[in-house]
Amino acid sequence: MTALLYILLAIVIAVAIWQVASILKLKSVIATEKDNNIQGILFAVFGVFFYGLMIFSFVKYSALLLPDAASLEGERYDTLYMVTMVLILVVQAITQFLLFYFAFKYRGVKGTKALFYADSHKLELIWTVIPAVVLAGMVLYGLSVWIDVMDSSDAENPLIVEVYAKQFQWEARYAGKDNELGLANVRNIKGINTMGVDMSDKNALDDIPVRELHLPKGRKVIFKFRSQDVLHSAYMPHFRAQMNCVPGMVTQFAFTPSMTTEEMRLNEKTIAKVDNINEIRAEKGEDPYEFDYLLLCNKICGASHYNMQMKIVVEEEAQFNSWLNSQKTMAQVVQ
Amino acid sequence: MSDHHHKETFVTKYIFSTDHKMISKQYLVTGIFMGIIGVFMSMLFRLQIAWPERSFSIIEAFLGHHQDGGVMSPDIYLALVTIHGTIMVFFVLTAGLSGTFSNLLIPLQIGARDMASGFLNMVSYWLFFLSSLLMVISLFIEAGPASAGWTIYPPLSALPQAIPGSGLGMTLWLVSMAIFIASSLLGALNYIVTVLNLRTVGMKMTRLPLTIWAFFITAIIGVVSFPVLLSAALLLIFDRSFGTSFYLSDIFIQGEVLHYQGGSPVLFEHLFWFLGHPEVYIVLLPALGITSEIISTNSRKPIFGYRAMIGSIIAIAFLSTIVWGHHMFVSGMNPFLGSVFTFTTLLIAIPSAVKAFNYITTLWKGNLQMNPAMLFSIGLVSTFISGGLTGLVLGDSALDINVHDTYFVVAHFHLVMGVSAIYGMFAGVYHWFPKMYGKMMNKTLGYWHFWLTAVAAYGVFFPMHFIGLAGLPRRYYSNTAFPLFDDVADVNIVITLFAILGGSAQIIFLANFFISIYKGKKAEQNPWRSNTLEWTTPVEHIHGNWPGEIPAVQRWAYDYSKPGYEEDFVCQTTPLKEGEEES
Ligand code: HEM
Ligand SMILES: [Cu+2]
Ligand SMILES: [Cu+2]
């Protein structure tokens with residue numbers, strides 16, 4: 001593939017030079033019947049290239065896609081995504097075919113005339129109403145998922161976690177026994193209290209600051225996001241989750257993890273993807289990679305934006321609880 | 001109008017010209033020059049993405065102290081992306097495209113001697129020139145140019161502590177853009193007034209070519225939305241320089257709490273996208289207008305659904321001002337607002353779909369003349385559909401969650417606005433070059449240019465969808481920090497190679513363009529056998545456009561292959577025959 005493109009590139013440059021040299025002699029400027037013919041055929045060829053590229057990409061690159069969603073909300077997301085994608089591909093396949101086919105079929109012939117066809121209210125009505133109906137369906141379906149994902153007011157006993165962003169690092173804080181986060185403001189940042197937790201707030205004492213995110217499977221997690229400097233975005237692609245972190249404001253997102261890290265490592269698609277990655281790594285002489293959920297930054301935030309990540313571990317509730325209990329509370333940390 | 005006899009000096013003719021035809025050429029050449037810079041930048045940062053650790057002598061040669069041994073720094077990577085985006089969107093596709101063709105075609109196609117105010121038109125160009133100059137100068141300052149993305153979200157864009165480009169570089173960016181906005185407002189007001197007041201006898205609004213409708217509505221969108229960007233920029237300047245807190249609050253950076261309190265970056269996002277979304281239509285509508293004209297002329301067929309096309313331009317313009325929130329679904333904005341914006345966004349898909357269907361129907365049973373302009377127009381319809389369809393994913397708030405700010409977005413907007421509008425611009429240049437320079441461009445080079453560009457454009461942007469769906473965020477200097485993304489490295493190499501192919505193909509265009517100006521074949525008066533008024537003016541430019549009276553218009557612009565006529569075109573100045581119906 002690579003070599004082919006290099007060759008293509010060399011051809012372009014050669015052609016460019018040759019053509020530019022001959023332009024002084026070539027005075028052909030308006031398409032003749034022969035041009036119409038050749039270019040029309042080229043559109044047909046291009047149509048084939050285009051479908052080829054689409055099919056090639058789908059076959060070859062599908063392996064790159066994210067594995068199955070690891071949250072309940074993410075599963076709904078994936079279904080909505082599939083439905084939309086099928087719709088898009090059908091429309092794409094039909095319209096592009098018509099476009100290239102017409103460009104080929106109706107390439108100009110000398111001495112013929114085009115059809116004088118300026119208007120058809122019926123046709124226009126059809127292709128206004130059909131998209132309108134289909135889109136109305138999409139809106140309703142999309143919004144039902146959106147509201148489902150964004151509204152977590154009726155969650156029972158959710159876990160509250162604060163995710164805290166700064167150039168170029170993530171931190172997190174669990175709400176502790178009272179399941180209520182203590183107040184915080186950047187003006188309280190001092191020494192080891194890196195998130196600016198307000199230690200005079202009694203809700204804050206049992207909060208648990210961490211550098212690695214652990215989540216229990218099957219329990220709704222409500223994330224509260226803060227940033228201490230510029231915009232960041234907490235992107236957790238495996239859970240189909242994302243929310244910006246905005247200085248001066250607390251933003252929120254929620255999902256229910258549905259697969260532990262272990263389970264995800266055993267997922268068929270994950271295994272295929274990881275094997276593929278490890279083959280590539282082996283070629284470069286790098287250590288093998290083991291799958292982990294990740295939180296990455298997805299809003300330009302400065303020089304090391306490209307390397308701002310935190311590991312996420314999803315485990316069974318019991319394991320999660322024992323991990324959480326082994327962490328120090330704010331009160332213990334700040335002392 | 002008899003004042004076109006005064007003597008012209010070199011300066012008044014070529015530099016401080018008030019003639020719309022000359023101003024149009026000035027816009028075009030400046031736009032092409034900026035385009036060279038913008039595309040070249042994309043080549044440089046694509047090298048870094050494809051081969052993150054490799055040293056390139058071209059990077060060493062161009063990036064001065066922003067590189068080390070031929071490897072660019074993360075800061076300059078972000079700066080290149082930022083300036084690339086800014087230049088392509090504003091300088092090439094707003095000023096370069098709209099400025100060129102609105103100026104050239106509005107007076108010529110409506111039958112006017114010049115713009116309503118030639119003087120303001122000249123001022124508008126020179127402000128654009130000045131802003132281009134400032135943007136280019138900002139590339140050479142010590143700390144590097146603005147690097148917070150073309151969307152310049154604060155606080156990143158407000159704090160030099162956060163990224164070095166937010167110092168003097170950002171100041172220059174803001175000043176340059178403020179001047180740019182002034183320029184485009186002057187231009188837009190001129191276009192609006194000209195279209196409303198200076199149409200020739202018989203040129204009813206319902207007889208205007210679709211090019212003019214597109215430029216006219218585009219100008220209105222510009223007047224409505226650009227001032228909002230100006231105020232956003234002004235408030236940002238206040239926050240940066242005078243200590244106000246419109247956008248900033250509770251910031252701790254480099255060991256220090258800043259004084260800002262009570263502002264919100266989300267406010268900036270609202271203001272920015274109130275322009276930012278209409279901006280994509282400011283870029284796109286003129287390209288669609290040009291395409292309508294070219295597809296109809298070269299199909300030798302009336303544009304299908306003329307009135308529906310006008311209706312959809314107006315609908316798109318109106319809706320484009322109430323969809324901006326689709327860029328902010330995960331900004332922390334109230335989710336209910338997200339629902340509203342999903343609704344309005346999917347609404348805008350309807351007029352867009354109508355336009356696409358109408359183009360395809362125009363080709364049906366046509367007699368297609370495959371001139372280079374026609375190829376680019378057909379190409380535009382293709383990329384407009386490919387890019388537009390993925391808008392259904394991004395416009396759906398639920399689906400946007402997981403692809404927002406990934407390469408999926410980069411693929412989407414490049415196809416629907418970047419490539420489509422660039423194709424429109426190329427189509428326009430090939431089609432109206434004879435009108436601008438009195439010469440013809442070479443068609444063989446045009447064909448090579450189109451096919452290489454078309455293959456490269458899809459080669460670059462189609463695979464990008466997949467790496468986006470793999471979860472790869474945009475604006476990453478390198479993907480090596482994540483083993484998770486090791487499997488997209490190969491795709492990135494393919495993309496970069498296609499990008500180099502596409503970039504190189506533009507050399508063919510540049511050669512064709514500049515050589516044809518001097519050595520091109522002399523143009524006939526109406527080379528494409530077109531109906532519109534611009535082809536009734538003499539090939540040699542004269543001040544005032546028509547030597548005698550301005551011709552009166554008798555019919556709409558799309559009587560191609562009309563039954564009852566010998567020729568397959570009927571100029572707008574030809575009176576209707578007895579009993580003939582106007583379409
Ligand atoms: C040679 C052709 C081009 C190539 C290879 C190219 C490539 C790219 C890539 C890869 C990015 C994303 C970088 C990132 O997010 O990390 C980008 C950004 C961008 N490009 Fe292009 N591009 C090209 C032409 C255009 C055109 C014609 C436009 C006109 C609209 C355009 C507008 C933009 C914008 C607005 C951005 C976003 C900048 C930002 O993130 O702040 N590009 N380009
Ligand atoms: Cu970041
Ligand atoms: Cu938008």
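The model is predicted: local features need pLDDT of at least 70, side-chain atom pairs count only at pLDDT 80 or more, and totals for chains, interfaces and linings use all residues. Residues are numbered from 1 along each chain as its sequence is written, chains are lettered from A and ligands numbered from 1 in the order in which they are written, and side-chain values use heavy atoms, with hydrogens and water left out.

**Chain B and chain A**

Chain B brings 149 residues and chain A 127 residues to their contact (heavy atoms within 4.5 Å). About 12200 Å² is buried between the two chains, 71% of it on carbon and sulfur atoms; buried area is the accessible area (1.4 Å probe) that two parts lose on being put together, summed over both. Of the area that chain B buries against chain A, B:N402, B:F466 and B:L484 supply 6%, more than any other three residues.

Five salt bridges link the chains (a side-chain nitrogen of Lys or Arg within 4 Å of a carboxyl oxygen of Asp or Glu). One of them pairs A:K299 with B:D405, with the closest N and O atoms 2.7 Å apart.

**Ligand 1**

The shell around ligand 1 holds 27 residues, the closest being B:H84, B:W150, B:H414, B:R474 and B:R475 (a residue is near if one of its heavy atoms lies within 4 Å). At least three residues come from each of domain 1 (14–201) and domain 2 (287–508) of chain B; domain bounds come from an automatic or database domain assignment.

| Residue | Ligand 1 atom | Distance |
|---|---|---|
| B:H84 | nitrogen | 2.8 Å |
| B:Y407 | oxygen | 3.3 Å |
| B:H414 | nitrogen | 2.7 Å |

**Domains of chain A**

Chain A is divided into domain 1 (33–107 + 123–151) and domain 2 (159–334). Their contact takes 17 residues from domain 1 and 19 residues from domain 2, while the C-alpha centres of the two domains lie 35 Å apart. The area buried between these domains is about 1600 Å², with carbon and sulfur atoms giving 55%. Three salt bridges cross this interface. The side chains of A:E73 and A:K220 meet in a salt bridge with an N to O distance of 3.3 Å.

Technical notes: A polar contact is a pair of N or O atoms within 3.5 Å; within protein, one must be able to donate a hydrogen and the other to accept it, and residues adjacent in sequence count only if both atoms are side-chain atoms.
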